[in-house]
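Please walk through the model shown below, beginning with a single residue and widening the view to whole chains.

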Amino acid sequence: MFELMMDNHTEAGKIKIILQGEIDISTAPEFKAKLYEMVGDGESDIALYCEGLSYIDSTGLGILVGALKRVRNHQKGVYIYQLRDNIRKLFRITGLDKVFILEESA
Amino acid sequence: MSKVYDEIKLHLPQKADYLGFIRLSVSGLASKMGFDIDTIEDIKVAVSEVCSRIISMNPDACSDYDIAFQLFESGLKAVFSTDNCPGRDIFEGESGAFAKAIICSLMDEFDITYGQNCVITMGKKLGDCVNG
């Protein structure tokens, strides 16, 4: 189970999205559809709050990369906040800590 | 690794619905063996990645696959096998590359054999990863 919520209060022009729960291939299709709908054409920066994200697998990481590609087409970025250590480790292993902007705090 | 003292086998439908069950089961098993909390998380993630790749090979979900957890004094080995071999690299594509990087980094042993069956083996030594 996962939950994806968009906060209507944008911060410095960023679309604020709160992600909670577990993302694996059972939840990936719904996660992908909802996230891409929120990201739209990718014309705004994305602020992804992950304090409640307890698990994400390679499929979920691939979906995040897809969102990143959309915003990068418009010279924007994906900022990720409040990542748990176990998830941060996966970003580091896959090299995604170099392409997403991982913020230490928010 | 040394001699197997116990083996636990799971026979599963190739469905994503049971991934949570597998993660819970392997976490419990690794905990019982005495792995520390961080290593239990690593094993759980690696096992789930392999299951995901096997399941994603067969979106029609009409086949089964097997996992044998072999318990050694020195560690844990997981052997995944499916006779529904796709004839291609199950770690192909962007997500597949992420999965492979994650498994290689988190586990001590990782091997794939493509034949009539697909057999994927991974192992984690207890070593310094002991709870306590």
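Arg88(A) is buried, because its relative accessible area is 17% and the cut-off for buried is under 20%. The model in which this value was computed is a predicted one. Arg88(A) sits in helix H3 of chain A, a helix that covers residues 85-94. Leaving aside residues up to four places away in sequence, the contacts of Arg88(A) are with Leu83(A), Leu102(A), Glu103(A) and Glu104(A).

When residues up to four places away in sequence are not counted, Thr59(A) touches Ile25(A) and Ala28(A) in chain A, and Ser95(B) in chain B.

Helix H2 of chain A also holds Lys69(A), and the relative accessible area of Lys69(A) is 47%, so that this residue is classed as partly exposed.

How many disulfides does a search of the whole structure find? Over all chains, the number found is zero.

The view can now be widened to chain A, which contains three helices and five strands, arranged along the sequence in the pattern β-β-α-β-α-β-α-β. Chain A has a radius of gyration of 12 Å, close to the 13 Å given by the globule rule for 106 residues, and so it is as compact as a globular protein of that length. Its C-alpha trace spans about 30 × 25 × 25 Å along the principal axes. Of the 106 residues in chain A, 52% are buried, and among contacts with a separation of 6 or more, 70% are accounted for by residues 24 or more positions apart. The accessible surface of chain A is about 5100 Å², with 46% of it belonging to carbon and sulfur atoms. As for charge, chain A carries 13 positive and 16 negative side chains, and the centres of these two sets are 6 Å apart.

Chain B likewise has three helices and five strands, but read along the sequence its pattern is β-α-α-β-β-α-β-β. For the 132 residues of chain B the globule rule gives 14 Å, and the radius of gyration is close to this at 14 Å, so chain B is as compact as a globular protein of that length. The C-alpha atoms of chain B occupy a box of roughly 45 × 30 × 25 Å along the principal axes. Buried residues make up 50% of chain B, while 72% of the contacts between residues at least 6 apart in sequence join residues at least 24 apart. About 6200 Å² of accessible surface belongs to chain B, and carbon and sulfur atoms contribute 48% of that area. Its side chains include 12 positive and 20 negative ones, and the centres of the two sets lie 2 Å apart.

Key: Residues are numbered from 1 along each chain as its sequence is written. Chains are lettered from A and ligands numbered from 1 in the order in which they are written. This is a predicted model: local features need pLDDT of at least 70, side-chain atom pairs count only at pLDDT 80 or more; totals for chains, interfaces and linings use all residues. Side-chain values use heavy atoms; hydrogens and water are left out. Helices (H or I, at least four residues) and strands (E, at least two) are DSSP runs, numbered from the N terminus. The radius of gyration is taken over C-alpha atoms; the globule rule is 2.2 Å times the number of residues to the power 0.38. Buried means under 20% relative accessible area, exposed over 50%, partly exposed in between (1.4 Å probe, protein chains only). Contact means heavy atoms within 4.5 Å. Accessible areas come from the Shrake-Rupley method with a 1.4 Å probe; for residues, only the protein chains shown count as cover. Lys and Arg count as positive and Asp and Glu as negative; His and the chain ends are not counted. The place of a charge is taken as NZ of Lys, CZ of Arg, CG of Asp or CD of Glu. A disulfide is a pair of cysteine sulfur atoms within 2.5 Å.
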